[in-house]
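Q: I should like to learn how to read a protein model, feature by feature. Where should we begin?

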Amino acid sequence: MNLCETNPVTDETPICSAKGCRTAAVWVLAWNNPKIHTPERRKTWLACEEHREHLSQFLGVRGFLKDVVRFEDWEAPERA
């Protein structure tokens, strides 16, 4: 099954952060680099089903990964 056919991407569709991937994002990977970010700061990468595990491992090995949430359930922290 081709995910691009089941999740068509438009100009308004968030896409996966994996290099070269143009598939619609399904997951939000919240992370921070403790050497440069405050503990409450969350940066995000988006992931399709195919790349979620790879991107999670990349961040996890470095101790950066804080949370993985389905895109439709993600609520970005309010900015002060």
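A: Let us begin with the surface. The accessible surface of the protein chain amounts to about 5,800 Å², and carbon and sulfur atoms hold 49% of that area. Of the 80 residues in the protein chain, 30% are buried. Please note that this is a predicted model.

Q: Since the model is predicted, where in the protein chain is confidence lowest, and where is it highest?

A: The general idea comes first. Where pLDDT is low, the predicted coordinates should not be read in detail. Here the protein chain has an average pLDDT of 86, with 80% of the residues scoring at least 70. Confidence is lowest in helix α1 (residues 3–6), where the mean is 48, and highest in helix α2 (residues 52–61), where the mean is 98. Residues 1–5 have a pLDDT below 50, and beyond near neighbours in sequence this stretch makes five contacts in the model.

Q: In which order do the elements of the protein chain run from the N terminus on?

A: The protein chain contains two helices and three strands. Read from the N terminus, the order is α-β-β-α-β. As for contacts in the protein chain with a separation of 6 or more, 48% of them join residues 24 or more positions apart.

Q: How do the three strands form a sheet, and in which order?

A: In general, strands of a sheet pair through backbone hydrogen bonds, either parallel or antiparallel. In this model the three strands make an open sheet, ordered β2-β1-β3, with antiparallel pairing. The edge strands, β2 and β3, each pair on one side only. On average, neighbouring strands of this sheet are turned by 25 degrees against each other, direction ignored. The antiparallel pairing of β1 and β2 extends over five bridges. W31 stands opposite K43, a residue of β2.

Q: Which residues of α2 are buried, and why do they lie on the same side?

A: The general idea is one of helix geometry. An α-helix has 3.6 residues a turn, so residues three or four places apart point the same way. In α2 the buried residues are L55, S56 and L59. They lie on the same side of α2 because they cover an arc of only 100 degrees around the axis. H54 and V61, on the other side of α2, are exposed. The cover over the buried residues of α2 includes strands β1 (27–31), β2 (43–47) and β3 (65–70). After α2 comes G63, with a positive phi near 75 degrees.

Q: Where is H51 placed, and is H51 buried or exposed?

A: H51 lies in the loop between β2 and α2. With a relative accessibility of 18%, H51 counts as buried. Apart from neighbours within four places in sequence, H51 is in contact with C16, A18 and C21.

Key:
Residues are numbered from 1 along each chain as its sequence is written. This is a predicted model: local features need pLDDT of at least 70, side-chain atom pairs count only at pLDDT 80 or more; totals for chains, interfaces and linings use all residues. Side-chain values use heavy atoms; hydrogens and water are left out. pLDDT is the predictor's confidence in each residue, from 0 to 100. Helices (H or I, at least four residues) and strands (E, at least two) are DSSP runs, numbered from the N terminus. Contact means heavy atoms within 4.5 Å. Buried means under 20% relative accessible area, exposed over 50%, partly exposed in between (1.4 Å probe, protein chains only). The arc is that of the directions from the helix axis to the C-beta atoms. Accessible areas come from the Shrake-Rupley method with a 1.4 Å probe; for residues, only the protein chains shown count as cover. Two strands pair if DSSP finds at least two bridges between them. Axes are lines fitted to C-alpha atoms, for helices over the stretch in contact, and angles run from 0 to 180 degrees between N-to-C directions.
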